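Reader: I would like to learn how to read a few features of a protein model. Where do we begin?

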Amino acid sequence: MSTYTESIFIAFFITIILSFVLFIPWLIYTYRKYGYLSMSKTIIMLSFIFYFLSALCLVLLPFPSTRDTCSLQPADTIHSNLRLFQFVEDILKDSGVVVTNPSTWLAITKQQAFYQAFFNFLLLMPFGVYLRYFLKERRYWKRAFIISFLLTLFYEITQRTGIYGIFNCAYRLFDVDDLLLNSVGALLGFFLAPIVWALFPSHEEVEAKAAEMEKRDIVKPISILLALVIDLSIAQMIWLMIGALTGYNGTFEFLVKITLYMLLFGVMPSMLDGATLGMKVMRFTMVNKNGKSIVRQSWRRCVAIIATACLFEAITTIGGIQLNIDSPFYVLQIIISLFAATAGFILTMIIAIHVLRVIVSGGKRRLYIDQYADLMATRKT
């Protein structure tokens, strides 16, 4: 049992890492498809990633201590079982069970072979539940069974080949019974899935909400934040390439980023009717309800972003001043460093609380950069 829990914990940590990589692309895909960020679909997708990684870890982990697994196995080691229903014989072997005597049936649950078969049956049951969500209709049960069979076949081949040659001998048994139990378990999950998905909005409900939000021209704060994150990520990626080519950092890095911010948040919106590249990806733009020039207001937003970046840079620079311990200003430097660290923490908390209030307001509040620029988000581009 400890092997199973260890594999799940490893999958959990891998999921956390992958979530940071996949979360933003998934949010962008969801928003572009439905016009808003569906929390239910995000939860479903993240849970699917976790489940799939957990199943994979349960199948492959723990790895042998050496790639030369042949040296760890006797010459007569069997790597494949091609006899169907062998697990039934293994369960009944030495169990004392008499098929005609029901009072002895409980002894089956004391057999290791029973638990192995039972867990193999459960392994792909959640996969069947997810397949029902993706395939939607019950009439696709044959398709679900084939997909589940192919997935478990992939697992078995991966084990039989020692993860395609990484290990010189298989360290897990290729078992046709696993193919049967996994596939049947997934099929049962497919039929039981409506019990689970009744707790979540249907595809039709999500699409109806998306249509209503588009009709009312609603752009949620999380979408505006995501567009901002995309723009800042673009600036960071461009800097990473420039930094890698030049080898410079420090003041040069700061100047390059300020220049990029001016291009992304000032020049681009002036050319794209108020939209940044991130807003284009998220399919909305910024407008001024009072008829003021969108170019001017976009540059005001750019100034607010640059001012925030400059403030953080100033605090970081002041806090990074280092003096020799023999310097007469050493004590003053310690005080200034503590002040800078405190100021940086307070500023970060203020912005975090502000962003959180904007998110929970559901659109009643605006980000301070948009408030200062007097800009509103709209889908009507």
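Author: With salt bridges: a salt bridge is a side-chain nitrogen of Lys or Arg within 4 Å of a carboxyl oxygen of Asp or Glu. This is a predicted model, and the structure holds five salt bridges. One of them joins lysine 257 to glutamate 253, with 3.1 Å between the closest N and O atoms.

Reader: Where do lysine 257 and glutamate 253 lie?

Author: Both are in helix H11 (residues 251-271), four residues apart, about one turn of the helix. Buried means under 20% relative accessible area, so lysine 257 at 19% counts as buried. Glutamate 253, at 22%, counts as partly exposed.

Reader: Which parts of the chain does the salt bridge of arginine 301 and aspartate 370 link?

Author: The side chains of arginine 301 and aspartate 370 meet at 2.6 Å, N to O. The pair links distant parts of the chain, 69 residues apart: arginine 301 is in helix H13 (residues 294-319) and aspartate 370 in helix H15 (residues 368-373).

Reader: Are arginine 301 and aspartate 370 buried or exposed?

Author: Arginine 301 has a relative accessible area of 4%, so arginine 301 is buried. Aspartate 370 is buried as well, at 2%.

Reader: How do I read a pair of packed helices?

Author: Two packed helices are described by the angle between their axes and the distance between the axes. Here, helix H5 (residues 125-135) and H6 pack at about 135°, with axes 10 Å apart. H5 and H6 are therefore oblique to each other, and their crossing is right-handed.

Technical notes
Residues are numbered from 1 along each chain as its sequence is written. This is a predicted model: local features need pLDDT of at least 70, side-chain atom pairs count only at pLDDT 80 or more; totals for chains, interfaces and linings use all residues. Side-chain values use heavy atoms; hydrogens and water are left out. Axes are lines fitted to C-alpha atoms, for helices over the stretch in contact, and angles run from 0 to 180 degrees between N-to-C directions. Helices (H or I, at least four residues) and strands (E, at least two) are DSSP runs, numbered from the N terminus. Angles under 35 degrees count as roughly parallel, over 145 as roughly antiparallel, 65 to 115 as roughly perpendicular and the rest as oblique. A crossing is left-handed if the near helix is turned anticlockwise from the far one by less than a right angle, and right-handed if clockwise. Buried means under 20% relative accessible area, exposed over 50%, partly exposed in between (1.4 Å probe, protein chains only).
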